[in-house]
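Dear colleague,

I am passing the structure on to you below, with the sequence alongside. My notes on what was found in it follow directly after.

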Amino acid sequence: MKQTYTSAIRFENICYEVDQMSILNNITGSFYKEKITTLVGPSGAGKSTLLKLCNALISPTSGEIIIESIPIDSIEPTILRKNIGIVLQSAPIIPGTVYENIALPFTLQQKKLTEKEAILFLEIVGLEHTFLYRQADDLSGGQKQKVSIARSLVNKPKVLLLDEITSALDPASVNEIEQLILKINQNSRVTIVWITHNIEQAKRIGDITWIMMDGRLLEIGESNILSTSRNEQVQQFVNGVHTK
């Protein structure tokens with residue numbers, strides 16, 4: 001890449017093993033500040049494992065993770081997870097109202113999120129204030145995902161990790177979520193890391209793309225790399241032939 005970017009999260013020779021099985025193999029690279037990085041690759045490539053390492057849900061077998069120049073193991077986990085939020089494909093919702101769901105991060109910290117503050121988060125994700133006291137279980141898939149994103153913003157994270165957050169949604173909802181994430185990135189300068197199996201989505205949304213396969217990082221580049229890569233494995237993956 002020609003431009004110089006500032007690292008938000010840096011991986012140095014990261015390996016991760018489970019029962020002597022290698023899940024990640026010697027990963028070195030950076031997720032850049034205020035940019036959208038898309039992670040693509042076949043199932044089992046290690047993408048979700050990489051996200052879990054970013055907010056210390058798991059720890060690497062070897063190597064070092066640096067968060068804005070500070071080793072991750074020097075950061076208190078609750079502080080780390082306030083700064084690095086995560087949104088999952090399933091958009092987990094607790095029983096109760098939308099308000100209770102959005103307020104959950106504060107509730108867990110024994111703090112109070114006011115109705116006015118909750119409505120502001122609803123507005124950010126494009127939901128009317130009338131949603132505040134609706135039962136969260138009654139929402140559509142796209143609406144639940146918006147509530148999940150709103151909840152992730154309550155702690156005002158510097159980094160937002162997104163794991164296949166549109167894969168279960170209809171095309172109209174996919175477009176709404178994509179536009180929402182672009183708006184959050186542009187307006188709040190939040191660093192975004194987005195796992196997607198949708199190559200066209202990665203091209204549309206990403207500033208930078210990581211291409212992973214079998215626990216290895218094959219290539220990093222600006223997102224047009226998905227169209228221009230000369231790596232045979234990358235070309236086969238992009239063209240729908242997932243090989244080792």
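Glu117 is found in helix α4, which covers residues 115-124, and in this predicted model it counts as partly exposed because its relative accessibility is 31%. From Glu117 to Ile67 the separation is 50 residues along the sequence and 29 Å in space, taken from C-alpha to C-alpha.

Two further residues can be described in the same terms. Gly141 belongs to helix α5 and, at 41% relative accessibility, counts as partly exposed; Gly141 and Leu169 are 28 residues apart in sequence, and their C-alpha atoms are 6.5 Å apart in space. Arg81 has its place in helix α2 and is partly exposed, with a relative accessible area of 35%; between Arg81 and Leu217 there are 136 residues in sequence and 25 Å in space, again C-alpha to C-alpha.

Where does the largest share of the lining come from? That share is 5 residues, and β6 supplies it. At least two lining residues each come from α2 (77-83), β6 (84-88), α3 (98-108) and α5 (141-153). Sorted by class, the lining of the largest pocket consists of 12 nonpolar, 7 polar and 3 charged residues.

On the aromatic side chains, the count comes to 5 aromatic pairs. In one of them, Tyr5 and Tyr32, the ring centres are 5.2 Å apart and the planes stand at 50 degrees, so the pair is tilted. Tyr5 lies in the segment before β1 (7-18), while Tyr32 is in strand β2 (residues 21-32), so this pair ties together parts that are 27 residues apart in sequence. Both Tyr5 and Tyr32 are buried.

Another of the pairs is made by Phe31 and Trp210, whose ring centres are 4.6 Å apart and whose planes are at 45 degrees, so that this pair too is tilted. Here Phe31 lies in strand β2 and Trp210 in strand β9 (residues 208-213), so the parts tied together are 179 residues apart in sequence. Phe31 is buried, as is Trp210, and together with Phe11 these two residues form one aromatic cluster.

How many disulfides does a search of the whole structure find? The search finds 0 disulfides. Cys15 is in none, and the nearest cysteine sulfur to its own, that of Cys54, is 16 Å away. For Cys54 the closest cysteine sulfur is likewise that of Cys15, and 16 Å is too far for a bond, given that a disulfide requires the two sulfur atoms to be within 2.5 Å. Cys15, at 18% relative accessibility, counts as buried, because the cut-off for that class is under 20%, and Cys54 counts as buried at 0% relative accessibility.

Finally, there are two backbone angles to look at. Most residues other than glycine have a negative phi. Glu68 has a positive phi of about 45 degrees although it is not a glycine, and for Ser69, also a residue other than glycine, phi is positive and near 75 degrees. Where are these residues placed? Glu68 is in the loop between β4 (62-67) and β5 (70-71), and Ser69 lies in the loop between β4 and β5. Are they buried or exposed? Glu68 counts as partly exposed, at 28% relative accessibility, whereas Ser69 counts as exposed, at 68%.

With kind regards

Notes: Residues are numbered from 1 along each chain as its sequence is written. This is a predicted model: local features need pLDDT of at least 70, side-chain atom pairs count only at pLDDT 80 or more; totals for chains, interfaces and linings use all residues. Side-chain values use heavy atoms; hydrogens and water are left out. Rings of Phe, Tyr and Trp (its six-membered ring) pair if their centres lie within 6.5 Å; planes under 30 degrees apart count as stacked, over 60 as edge-to-face and the rest as tilted. Helices (H or I, at least four residues) and strands (E, at least two) are DSSP runs, numbered from the N terminus. Buried means under 20% relative accessible area, exposed over 50%, partly exposed in between (1.4 Å probe, protein chains only). Ala, Val, Leu, Ile, Met, Phe, Trp, Tyr, Cys and Pro count as nonpolar, Asp, Glu, Lys and Arg as charged, and the others, Gly among them, as polar.
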